[in-house]
Amino acid sequence: MYGGKVRLVVKNYPYRYRDFAYPAAEAALAARDQGKFREMHVLLLERSPKLDRGSLIECAKELKLDIPRFTRDLDTMAHKKEIDRDVKLAEGLDLYTTPTLFINGIKIAGDRPFESYREVIDRELPTSGPEGKGK
Amino acid sequence: MRPRKSRSASLLLLALLAAAPAPAEVRYNVPAGDSPAIGPANAQVTIVEFLDYQ
């Protein structure tokens, strides 16, 4: 719908008291390193909250990732620094809830119906309103 | 008794709100850095999403 007009940047803000929040973030970044971030991102959202170690490795297999490499990343939390950096950034922005979105810097905190995101996105797209063909 | 002055200030504020169709929005500067992203770098709209997959 917004192909080519919208960019989504993903920051991990795993809640520390959820068992699989950190491993799932690690899985996303490990897949990113293997060129399959988008695919893993979608899978994780679909499978959530069933994101135990076995399920994460199953996702990696479905995406035909290098499994020994993926498993090593998962078990050593190879991207912990990057995740912690995101967490620090989130805390610095006083975020307490996920998901929190910044649409061209406009903050929308908490789970909202898709329509409320769309409204802001449409307002930010100069050439296409809801009826726009998007030049 | 409350001073009248503050009430007229409140009324003035309301008038300002009525005059402006949309309130001025705060825009945060959230650095994308090298975080994973989907979509073109030159997109008109950039969404930075903080999420917890679980």
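1. Chain B contains one helix and two strands. Along the sequence these elements run in the order α-β-β. Of the 54 residues in chain B, 24% count as buried.

2. In chain A the mean pLDDT is 92, and 93% of the residues score at least 70. Residues 128–135 of chain A are another matter: pLDDT stays under 50 there, and the model has eight contacts beyond four places in sequence for this stretch. Where pLDDT is low, predicted coordinates should not be read in detail.

3. The largest nonpolar core has 37 residues. Those touching the most other members are Ala24(A), Ala25(A), Ala27(A), Ala28(A), Leu44(A) and Tyr53(B). From chain A, β1 (6–12), α1 (21–33), α2 (37–47), α3, α5 (80–92) and β2 (100–103) each supply at least two residues of this core, as does β2 (45–51) of chain B. Helix α1(A) gives the largest share, nine residues.

4. Helix α3 of chain A (residues 53–62) also packs on helix α4 of chain A (residues 67–76), at an angle of about 145° and with the axes 10 Å apart. The crossing of α3(A) past α4(A) is right-handed. On the α3(A) side the contact is made by Arg53(A), Leu56(A), Ile57(A), Ala60(A) and Lys61(A); on the α4(A) side, by Ile67(A), Phe70(A), Thr71(A) and Leu74(A). By type, the residues of this contact are six nonpolar, one polar and two charged.

Technical notes:
Residues numbered from 1 in each chain as written. Chains lettered and ligands numbered in written order. Predicted model: local features only at pLDDT ≥ 70, side-chain atom pairs only at ≥ 80, totals over all residues. Axes fitted to C-alpha atoms, helices over the stretch in contact; angles between N-to-C directions. Helix = DSSP H or I, 4+ residues; strand = E, 2+ residues; numbered from the N terminus. Left-handed = near helix turned anticlockwise from the far one by under 90°. Contact = placed C-beta atoms within 7 Å. Nonpolar A, V, L, I, M, F, W, Y, C, P; charged D, E, K, R; others polar. Buried ≥ 20, exposed ≤ 12 C-beta atoms within 10 Å, placed from the backbone. pLDDT = per-residue confidence, 0-100. Core = buried A, V, L, I, M, F, W, Y, C linked by C-beta atoms within 7 Å.
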